[in-house]
Amino acid sequence: MAVALGGNAILQAGQEGTADEQLANVKNACEQIAKLIDSGYEVVVSHGNGPQVGSLLIQHEAGSDEVPPMPLEICGAQTQGQIGYMVQQSLGNVFRELDINKNVLTTVTQVVVNEDDEAFANPTKPVGPFYSEEEAKKAMEEKDENWIEDSGRGWRKVVASPVPQKIVETESIKELIANDNVVVASGGGGIPVVEDENEQLSGVEAVIDKDLATRKLAEEVDADILMILTDVPNVAINFGTPQQENLGILTIAEMEEYQAEGHFGTGSMGPKVQAVVDFVKNGGERAIITSLDQALEAIEGKTGTQICADKDAVNQIA
């Protein structure tokens, strides 16, 4: 099973983002993951890193007169290590409390993208802090960067969000899993890299969607189940209206119909829904979107939004 931890598993709304806050949140998330493992499931873990990368970009900018700031893909690598450390330590501690004899390892993961992906011609993913219009226009002129005005809150730099093509470290991850280790991989969507004709890799300034990258990870390690843990128990249609309806167990066709009707925003639930649909269409047994605190109940089919290939599979869960 591949489990994707949402941002609330690491940093919750209203928090400052101190190390103590983040470690406490991660410990709670790891307690939920440990329940899955204690129930007999083999788990590979992924996670988001948006707030952590944003903080790191601010730190680099603030210190740029003293030391050279690092590019975005290296910030991604740094936060993979940061969050991986938190998960390794927290999950290891929970394992010892529960007498689970497993090691936890983090793989700093590179994810290949297509340099011709249309996302590079149309950057849409905001990164980093908010700036004034004057500062944004200066950056656009001097650095040839792309910036947008973001919801009246200021201007933010935007970068490409290309589709993940393959994970470089797949074979190593599979070997670690085969030797009974819990692996943390593809954090923050992975480090985006392009591959030349000689199979040489180089990083690119981009952000890969975490849920789409976890779907690719799940496929490449032959996971049966993809579980995306977020801050709501179910996907909903007509969200935020009197007609809101929480979705339970669905077929691919049913979920694709809701997609076509435009129920899922590109900046919120849309990528999660696309990830679970693609996973099951490509041979996955089942995909789940639910809240962090209901992970075990969801895997048992008691809650959450569940996507299956067809009605026969739905009936087996229901």
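**Entry 1: α7 and α8**

I began with helix α7, residues 252-260, and helix α8, residues 270-281. This is a predicted model, so I read everything below as computed from that prediction. How close do the two axes come, and at what angle do they cross? I found them within 10 Å, crossing at roughly 150°. An angle over 145 degrees counts as roughly antiparallel. I therefore noted α7 and α8 as roughly antiparallel to each other. Next I looked up the handedness: α7 passes α8 in a left-handed crossing.

Then I listed the residues that meet. From α7 I wrote down I252, M255, E256 and Q259. Their partners in α8 are V273, Q274, V277, V280 and K281. Sorted by class, this contact has 5 nonpolar, 2 polar and 2 charged residues.

**Entry 2: α6 and α8**

I stayed with α8 and turned to helix α6, residues 210-220. Here the axes are 8 Å apart and the packing angle is about 15°. Are α6 and α8 roughly parallel or roughly antiparallel to each other? The cut-off for roughly parallel is under 35 degrees. I therefore recorded α6 and α8 as roughly parallel. The crossing of α6 past α8 is right-handed.

Which residues of α6 meet α8? I noted D211, L212, R215, A218 and E219. On the α8 side I found P271, K272, Q274, A275, D278 and F279. The class count for this contact is 5 nonpolar, 1 polar and 5 charged residues.

**Entry 3: K174**

I moved to a single residue. K174 lies in helix α5, which covers residues 170-178. Is K174 buried, partly exposed or exposed? Its relative accessible area is 29%. Buried would need under 20% and exposed over 50%. K174 is therefore partly exposed.

Which residues does K174 touch, leaving out those up to four places away in sequence? I found E220, V221 and D222. I also checked K174 against I225. The two are 51 residues apart in sequence. In space, their C-alpha atoms are 16 Å apart.

**Entry 4: the annotated domain**

Last, I consulted the UniProt record. The entry is unreviewed, and it places "domain: Aspartate/glutamate/uridylate kinase" at residues 3-291. I took the secondary structure over that range: 39% helix and 22% strand. How far apart are the end C-alpha atoms of residues 3-291? I noted 12 Å.

Technical notes. Residues are numbered from 1 along each chain as its sequence is written. This is a predicted model: local features need pLDDT of at least 70, side-chain atom pairs count only at pLDDT 80 or more; totals for chains, interfaces and linings use all residues. Side-chain values use heavy atoms; hydrogens and water are left out. Helices (H or I, at least four residues) and strands (E, at least two) are DSSP runs, numbered from the N terminus. Buried means under 20% relative accessible area, exposed over 50%, partly exposed in between (1.4 Å probe, protein chains only). Contact means heavy atoms within 4.5 Å. Axes are lines fitted to C-alpha atoms, for helices over the stretch in contact, and angles run from 0 to 180 degrees between N-to-C directions. Angles under 35 degrees count as roughly parallel, over 145 as roughly antiparallel, 65 to 115 as roughly perpendicular and the rest as oblique. A crossing is left-handed if the near helix is turned anticlockwise from the far one by less than a right angle, and right-handed if clockwise. Ala, Val, Leu, Ile, Met, Phe, Trp, Tyr, Cys and Pro count as nonpolar, Asp, Glu, Lys and Arg as charged, and the others, Gly among them, as polar. UniProt positions are given in the numbering used here, feature names are shortened, and annotations may be inferred rather than shown by experiment.
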